[in-house]
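Here is a short briefing on one structure. Please look over the sequence and the fold first.

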Amino acid sequence: QVQLVESGGGLVQAGGSLRLACTASGTIFDIWAMNWNRQAPGKERELVGFLESGGSTYYEDAVSGRATISVDNAKNTWYLQMDALKPEDTAVYYCNLAMTSGAQNFDYYGQGTQVTVSS
């Protein structure tokens, strides 16, 4: 079993920055990627971006150039740095650790952290 604990959300003014953290504990095996998703009020959950185990990253157009995903392997902690925040970035942000074991895929989710950007 794997537990993901998120932190770092909060209220920030437009143009500001936040760094979200997601710390994993438990039995961590073959990691495929750490995904960051978000869900705004009244909207479906959407992908923000991901960091693959090999180091490749991907970001959705809405955050490209403003978001950076990184990892501190010694701490089993992944980060989502968001800069130049906009009111439309307001959402609950979730981390999602995707792992594989043989032919099986496993997904674990954090509890979510609220990010509110004021105009």
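Which residue in β3 does Ser-7 stand opposite? Ser-7 faces Ala-21 of that strand. This is a predicted model, in which local features need pLDDT of at least 70 and side-chain atom pairs count only at pLDDT 80 or more, while totals for chains, interfaces and linings use all residues. Residues are numbered from 1 along each chain as its sequence is written, and side-chain values use heavy atoms, without hydrogens or water.

**Sheet**

- An open sheet is built from 4 strands in the order β1-β3-β8-β7, with antiparallel pairing.
- Strands here are DSSP runs of E with at least two residues, numbered from the N terminus; two of them pair if DSSP finds at least two bridges between them.
- The edges are β1 (2–7) and β7 (67–72), each pairing on one side only.
- From one strand to the next, the twist averages 20°, with axes fitted as lines to C-alpha atoms and angles running from 0 to 180 degrees between N-to-C directions.
- β1 and β3 (residues 18–26) run antiparallel and are joined by 6 bridges.

**Disulfide**

- The model has 1 disulfide, defined as a pair of cysteine sulfur atoms within 2.5 Å.
- Cys-22 and Cys-95 form the bond, with an S to S distance of 2.1 Å.
- The torsion about their S-S bond is about 65°, so the disulfide is right-handed.
- Cys-22 sits in β3 and Cys-95 in β9 (residues 91–101), so the pair ties together parts that are 73 residues apart in sequence.
- Both Cys-22 and Cys-95 are buried; buried means under 20% relative accessible area, exposed over 50%, and partly exposed in between (1.4 Å probe, protein chains only).

**Nonpolar core**

- The largest nonpolar core holds 28 residues. Such a core is a set of buried Ala, Val, Leu, Ile, Met, Phe, Trp, Tyr and Cys residues joined through side-chain atoms within 4.5 Å.
- Leu-4, Met-34, Trp-36, Leu-80, Tyr-93 and Leu-97 have the most contacts inside this core.
- β1, β3, β4 (30–39), β5 (46–52), β7, β8 (77–82), β9 and β11 (113–118) each supply at least two of its residues.
- β9 gives the most, with 5 residues.

- Gln-1 lies in the segment before β1.
- Gln-1 is exposed, at a relative accessible area of 63%.
- Beyond its neighbours within four places in sequence, Gln-1 is in contact (heavy atoms within 4.5 Å) with Ser-25, Gly-26, Thr-27 and Tyr-108.
- The C-alpha atoms of Gln-1 and Gly-26 are separated by 5.8 Å, although the two residues are 25 apart along the chain.
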